[in-house]
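Visitor: Please show me the structure, and then let us go through some of its side chains.

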Amino acid sequence: MDRNKTKTENRQRRYIRITDEDMWAKIDKIMTLDKYSKSFNKVIVDALYYGLDALSDRLFGTAEVERPAETPPERRADGVQEEYFLEIVQLLKELIIGVTINKSMLCSLYNERERALNKEGVSGKKFSEGRYAETPDYLSDYEIRSLRALRKRGENA
């Protein structure tokens with residue numbers, strides 16, 4: 001089999017993902033024209049034909065192409081912008097995981113050190129298994145009081 005033929009055949013079908021709503025609006029408008037009404041592929045091929053040189057010149061040549069400034073996602077008070085809030089929830093979950101791991105490690109170190117100072121036996125295996133990870137009583141009490149105070153503030157807000 002000819003190597004160049006294989007290269008060409010593999011380039012016939014590629015997939016793209018377009019997430020920009022403004023681009024979709026432009027594509028939809030272009031597709032209202034008779035020339036493009038039956039072929040999304042023709043719209044994309046022509047867009048590449050007219051725009052690929054400008055991009056190539058911008059990246060490898062001296063031409064300057066003005067790109068629109070990226071604007072942060074619009075915040076809506078009604079909570080309609082689901083993607084924005086889903087991303088915030090995902091980041092908060094990651095933060096909670098990190099904080100929980102830190103709390104567990106610090107409690108383990110605290111409890112191990114407390115046992116050692118009280119001349120009690122400390123097991124390396126138990127330490128590795130996380131059996132010393134309980135929150136000390138004084139911190140547990142503080143945590144509960146703080147959470148209750150936060151909930152009360154939330155109810156009064």
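Visitor: Is Arg 115 buried, partly exposed or exposed?
Guide: Buried means under 20% relative accessible area, exposed over 50%, and partly exposed in between, with a 1.4 Å probe and protein chains only. The relative accessible area of Arg 115 is 29%. Arg 115 is therefore partly exposed.

Visitor: What should I know about the model and the numbering?
Guide: This is a predicted model, in which local features need pLDDT of at least 70 and side-chain atom pairs count only at pLDDT 80 or more, while totals for chains, interfaces and linings use all residues. Residues are numbered from 1 along each chain as its sequence is written, and side-chain values use heavy atoms, with hydrogens and water left out.

Visitor: Which residue forms a salt bridge with Arg 115?
Guide: A salt bridge is a side-chain nitrogen of Lys or Arg within 4 Å of a carboxyl oxygen of Asp or Glu. For Arg 115 the closest N and O atoms are 3.6 Å apart.

Visitor: Which backbone oxygen does the side chain of Asn 111 reach?
Guide: Asn 111 is in helix H4 and is buried, with a relative accessible area of 10%. Leaving aside neighbours within four places in sequence, Asn 111 is in contact (heavy atoms within 4.5 Å) with residues including Ala 133 and Pro 136. At 2.6 Å, its side chain reaches the backbone oxygen of Tyr 132.

Visitor: Are the rings of Trp 24 and Phe 40 stacked, tilted or edge-to-face?
Guide: Rings of Phe, Tyr and Trp (its six-membered ring) pair if their centres lie within 6.5 Å; planes under 30 degrees apart count as stacked, over 60 as edge-to-face and the rest as tilted. By this rule there are four aromatic pairs. In the pair of Trp 24 and Phe 40, the centres are 5.8 Å apart and the planes at 20°, so the pair is stacked.

Conventions
Helices (H or I, at least four residues) and strands (E, at least two) are DSSP runs, numbered from the N terminus. A polar contact is a pair of N or O atoms within 3.5 Å; within protein, one must be able to donate a hydrogen and the other to accept it, and residues adjacent in sequence count only if both atoms are side-chain atoms.
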